[in-house]
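Thanks for asking me to look this one over. Here are my notes, in numbered points, to read with the structure open beside you.

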Amino acid sequence: MALNGIQIFKLTPKKNCKECGCPTCMAFSMKVAQGAMKIEQCPHMSEDAIASLSEATAPPMKTIKIGTGDGEFTLGGETVLFRHEKTFVSKTRYAVALCTCMDDAAVDAKIKEIPKVDYERIGERMYAELVYVNCSEDADAAKYTALVEKAAGIGRTLVLGCTDPEIAKAALAVCKDSKPVLNGANASNYEAMNAVAAEAGVVLGVSGKDINELYDTVAALEKLGNKNLVLDVTGADLKETFANAVLVRRAALKDQDRTFGYPSIVNTVKIAKGDVHMQAALASLFTMKYGSIIVMEQMTYAEALPLYGLRQNVFTDPQKPMKVEPGIYPLNGADENSLVVTTVDFALTYFVVSGELERSGVPLNLVINDAGGLSVLTSWAAGKFSGNSISKFIIENVEPKVKCRKLLIPGKVAVLKGDLEAKLPGWEIIVGPREAVQLVKFLKDMQA
Amino acid sequence: MPFNQKPQKFNAKINTVTIGSGDKTVALGGNSTFPFYSFDAPTENTAKVGVEITDMGLEGVSEGIKAYYEGATTMADIAKKAAAMEGADFVALVLEGGDPNGENKSVDELIAIVKEVADAVDCPLVVEGCKNVEKDAELLPKVAEVLQGRNVLILAEKEENYKAIGAAAGLAYNQIVGAESAVDINLAKQLNVVTTQLGVNAQKIVMNIGSACAGYGYEYVVSTMDRIKGAALGQNDNMLQMPIITPVASETWGVKEASASEADMPEWGPQDERGIDMEIMTAAADLAAGSDAVILRHPQSVATISKMIKALA
């Protein structure tokens with residue numbers, strides 16, 4: 001339970017020695033309560049007080065790291081249930097599932113398919129970050145290890161779905177250096193699985209036949225000293241899985257129940273096997289509500305394009321708008337003689353405007369320069385989308401590359417026309433419509 | 001120590017608004033929990049799925065949709081097939097041909113289509129305008145008039161034309177008023193306030209708080225819906241307790257991820273599949289954030305989303 005300033009003050013030496021940089025112990029306590037300072041910054045705090053305080057002031061949900069190098073991902077560490085309350089910090093990661101129950105041809109096809117989806121969207125690389133390797137009940141260590149080795153060949157971080165400690169141990173022997181997740185602890189095997197995970201130094205995934213068993217198993221693992229966990233909240237059906245995902249996260253963040261303060265795994269393959277459309281719906285649902293790792297049968301462009309866009313939106317910090325990289329974006333097969341259009345770098349504006357421009361079918365060079373990630377009127381008011389900034393970018397970046405000397409500006413900043421004409425000699429400045437939806441008609445009329 | 005499950009109880013609920021007449025009606029809203037949180041309190045009404053058809057017939061729709069409607073030549077045929085779609089709760093007719101910047105069909109022409117569709121099906125109906133505020137102010141009151149007794153949802157009045165549309169639909173012809181705002185909790189509330197000030201019963205309003213396609217500024221949709229449901233339930237704000245309907249198809253099928261042909265983007269794969277998943281994923285996210293009804297186009301999307309809703313109930 002988080003402590004308030006007064007409760008923290010009671011634990012301080014109350015000397016007002018100022019060594020921490022605060023004028024009084026009371027002021028220091030208030031800062032600690034707000035999270036602005038750490039309790040360790042007081043040199044006179046007793047060991048006991050620090051221990052009880054760091055327990056109380058620890059974040060409600062642990063941050064768990066999996067993978068290594070480029071494949072290292074941070075899960076959890078969330079502090080709010082709704083993004084508008086602050087922000088979500090650790091993106092949902094998606095895993096494509098392989099299973100020992102699949103035949104070789106199916107496995108090979110999947111392994112060939114996974115790397116095909118790999119693209120960039122607003123500065124972010126989009127690809128299936130994880131591969132889930134499931135060990136079906138009838139598989140032995142040799143078969144499973146062979147599949148794990150094959151999967152490791154794609155170079156993605158692995159999640160091993162295996163409940164047999166001996167098989168898991170064999171599989172980890174070939175892949176533990178890449179820090180996979182071992183998802184396999186449950187009420188009946190947690191002691192053995194804990195030993196295997198601890199020895200290999202990997203994150204352990206825990207599941208239970210219901211939420212109570214999951215809770216008890218996590219508590220038992222914590223007692224054994226393992227706090228490097230993820231919780232597989234997948235239940236018998238969708239309804240139970242959704243309830244588990246929400247209840248686990250809510251218990252941790254709203255009710256400060258630290259036993260559930262871990263990231264989650266949702267396995268859509270278990271609850272919607274063979275139904276890729278349902279898995280698509282569930283991937284979206286659990287991206288919205290509290291899935292840290294989501295396992296799916298496939299990640300083709302059909303799933304990736306909407307899902308990664310959704311994730312990028314949901315995990316945007318509300319205080320920091322998404323920005324598009326400045327540059328010249330040729331649309332509809334534009335060349336150096338095509339009309340130049342400009343707008344701001346605010347991602348939402350860019351998408352709406354570029355979407356309409358593409359719909360018009362008219363070849364255009366869309367020029368984006370740094371406008372602080374704000375909308376047209378806001379950035380204009382802030383002086384970030386001005387005659388100076390636009391003309392400077394055009395002269396430095398556009399004139400060497402584009403021969404056309406016609407520039408279309410947003411109707412909302414029609415006031416910039418005169419200024420731009422003065423600063424861009426030889427250019428014809430055209431004032432466009434005020435709203436993006438009018439662009440198609442405007443461009444068609446212009447061509448006519 | 002066992003897990004102590006603490007339910008989140010609210011002493012408020014979303015209004016229940018019924019659309020349709022006779023035996024075939026659907027109830028939107030009515031719940032006192034966040035979407036799908038049936039572990040907190042029983043679900044009063046599950047979310048509903050509508051099938052979008054337009055006065056433009058099958059022009060421009062994807063292959064899979066065309067295949068579903070094969071053989072349908074008139075608007076009546078199309079409407080019947082839409083109503084029969086697996087998982088469909090209602091049919092939403094969009095009068096997009098009325099747009100003065102598009103086909104610019106006359107009001108009389110559109111009203112004839114409205115009548116044809118309404119006569120063909122007895123399921124609950126939603127009628128959407130063409131989004132042009134002046135044209136809708138002229139068109140939608142006429143729609144409300146000719147569909148008297150059908151208890152249809154008229155989508156939608158906006159800040160600029162709420163007087164004409166809200167008064168006609170909500171007062172003169174006793175239909176359900178759809179109130180559309182632009183992804184902002186304050187604008188949504190403001191429109192509800194002025195609409196009720198006209199005399200429209202708050203229990204007869206359904207909100208479209210604005211929508212976006214996943215990936216296209218969708219974070220605003222999430223946060224607006226989260227905040228509206230939070231205020232409606234947590235603060236008992238009765239000017240935000242109207243159920244939310246979200247037209248999904250009209251947002252998702254237009255973006256390039258869904259509309260680019262396979263010939264243009266070979267690595268992206270079949271267009272129909274991309275369109276379906278864009279529609280499904282956006283709809284699932286809308287429902288998770290707080291939509292009480294979604295409007296979809298593809299039979300696969302309708303079937304999948306409806307199945308998901310039922311599995312979560």
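This is a predicted model: local features need pLDDT of at least 70, side-chain atom pairs count only at pLDDT 80 or more; totals for chains, interfaces and linings use all residues.

**Notes on the two chains**

1. Let me begin with a spot in chain B: B:Ala156 sits in strand S6 of chain B, which covers residues 153-157. Most peptide bonds are trans.

2. A:Asn332 is not a glycine, yet its phi is positive, at about 55 degrees. Most residues other than glycine have a negative phi. As for where to find it, A:Asn332 is in the loop that links strand S13 (327-331) of chain A with strand S14 (339-343) of chain A.

3. Now for chain B as a whole. Its secondary structure amounts to 11 helices and 10 strands. Along the principal axes, the C-alpha atoms of chain B occupy a box of roughly 65 × 50 × 35 Å.

4. Within chain B, have a look at helix H2 (residues 75-83) and helix H3 (residues 107-120). Their axes come within 8 Å and cross at roughly 45 degrees, so H2(B) and H3(B) are oblique to each other. The crossing of these two helices, H2(B) and H3(B), is right-handed. On the H2(B) side the meeting residues are B:Met75, B:Ala76, B:Ala79 and B:Lys80, and on the H3(B) side they are B:Ile113, B:Glu116, B:Val117 and B:Ala120. Sorted by class, this contact of H2(B) with H3(B) has six nonpolar and two charged residues, with no polar ones.

5. Helix H5 (residues 141-152) of chain A packs against helix H6 (residues 165-175) of chain A at an angle of about 30 degrees, and their axes are 9 Å apart. That angle makes H5(A) roughly parallel to H6(A). The crossing of H5(A) and H6(A) is right-handed. From H5(A), the contact uses A:Ala141, A:Tyr144, A:Thr145, A:Val148, A:Glu149 and A:Ala152; from H6(A), it uses A:Glu166, A:Ile167, A:Ala170, A:Ala171, A:Val174 and A:Cys175. The residues of the contact of H5(A) with H6(A) comprise nine nonpolar, one polar and two charged.

6. How is chain A divided into domains? The domain assignment lists domain 1 (5-57), domain 2 (63-314) and domain 3 (327-447). Taken over C-alpha atoms, the centres of domain 2 and domain 3 of chain A are 44 Å apart.

7. Last, the contact between the chains. Chain A contributes 41 residues and chain B contributes 43 residues. On the side of chain A that touches chain B, the elements giving two or more residues are helices H8 (211-223), H9 (238-253), H11 (276-288), H12 (301-314) and H13 (347-360) of chain A. Which helix gives the most to that side? H12(A) does, with 11 residues. By class, the side of chain A that touches chain B has 23 nonpolar, 10 polar and eight charged residues.

Technical notes: Residues are numbered from 1 along each chain as its sequence is written. Chains are lettered from A and ligands numbered from 1 in the order in which they are written. Axes are lines fitted to C-alpha atoms, for helices over the stretch in contact, and angles run from 0 to 180 degrees between N-to-C directions. Helices (H or I, at least four residues) and strands (E, at least two) are DSSP runs, numbered from the N terminus. Angles under 35 degrees count as roughly parallel, over 145 as roughly antiparallel, 65 to 115 as roughly perpendicular and the rest as oblique. A crossing is left-handed if the near helix is turned anticlockwise from the far one by less than a right angle, and right-handed if clockwise. Two residues are in contact if their C-beta atoms, placed from the backbone, lie within 7 Å. Ala, Val, Leu, Ile, Met, Phe, Trp, Tyr, Cys and Pro count as nonpolar, Asp, Glu, Lys and Arg as charged, and the others, Gly among them, as polar. Domain bounds come from an automatic or database domain assignment.
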